[in-house]
Amino acid sequence: MTNLFDESKSIHCGMPVDTGVGALIMPSGWKGRLGEFKHSAPIELRTANGKVLQGETCWPVKIEIDGFRPVSNEVVFLDMGDDEAAHKPLLGYVVLAQAQAAVDMPGHRLVPVRYIDMK
């Protein structure tokens, strides 16, 4: 991820894909590594168990998945509590669709999608 208004600020890391998550989710403690954002807003997130959490969405960022085209989107920062260092970011389905990537479940990998879905 790279802050599009300060390209000297970026984060390079691996992360699991979660197709049940829409956005790119990052621990709030990582926000400073991307610098100041042109836009941000509070946001509510609902977890799989129904709990509602408070986060902050910030944009624009360039998101690059190895082997796929870069996309511009937002990143959602979420306070992950005292154990934030143990939490990993999550890559959601919106960014995957933009990057024309799909999950190959049996192969546990991302594969290219030829067309962006317009249905």
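**Figure 1. Contacts of Q100.** Leaving aside neighbours within four places in sequence, Q100 is in contact (heavy atoms within 4.5 Å) with F68, R69, V111, P112, V113, R114, Y115 and I116. This is a predicted model: local features need pLDDT of at least 70, side-chain atom pairs count only at pLDDT 80 or more, and totals for chains, interfaces and linings use all residues. Residues are numbered from 1 along each chain as its sequence is written, and side-chain values use heavy atoms, with hydrogens and water left out. Q100 sits in the loop between α1 (93-98) and β7 (101-104); helices (H or I, at least four residues) and strands (E, at least two) are DSSP runs, numbered from the N terminus. Its side chain reaches the backbone oxygen of R114 at 3.1 Å. Q100 counts as buried because its relative accessibility is 19%, the limit being under 20% relative accessible area (1.4 Å probe, protein chains only), with exposed over 50% and partly exposed in between.

**Figure 2. D104 in strand β7.** D104 is found in β7. Its relative accessible area is 18%, so D104 is buried. Beyond its neighbours within four places in sequence, D104 is in contact with R109 and V111.

Figure 3. Strands β3 and β4 (residues 52-63) run antiparallel and are joined by eight bridges; two strands pair if DSSP finds at least two bridges between them. I43 stands opposite G55 in β4. Five residues lie between the strands of this hairpin, and G50 takes a positive phi near 90 degrees.

**Figure 4. The largest pocket.** A pocket is an open set of points on a 1 Å grid over the protein atoms alone, where a 1.4 Å probe fits, with protein on both sides within 12 Å along at least five of seven lines; lining residues have an atom within 4 Å of a point. The volume of the largest pocket is about 440 Å³, counted as the space filled by probe spheres set on the points, which are joined across faces, edges and corners. Its lining has 19 residues, with V21, I25, L45, R46 and L78 nearest the centre. β3 (39-46) and β5 (71-78) each supply at least two lining residues. The largest share, four residues, comes from β3. By class, the lining has eleven nonpolar, four polar and four charged residues. Ala, Val, Leu, Ile, Met, Phe, Trp, Tyr, Cys and Pro count as nonpolar, Asp, Glu, Lys and Arg as charged, and the others, Gly among them, as polar.

**Figure 5. The second largest pocket.** About 350 Å³ of space lies here. Of its 15 lining residues, C13, M15, E64, I65 and D66 are the closest to its centre. The lining divides into ten nonpolar, three polar and two charged residues.

Technical notes
Polar contact = N/O pair within 3.5 Å; in protein donor to acceptor, adjacent residues only side chain to side chain.
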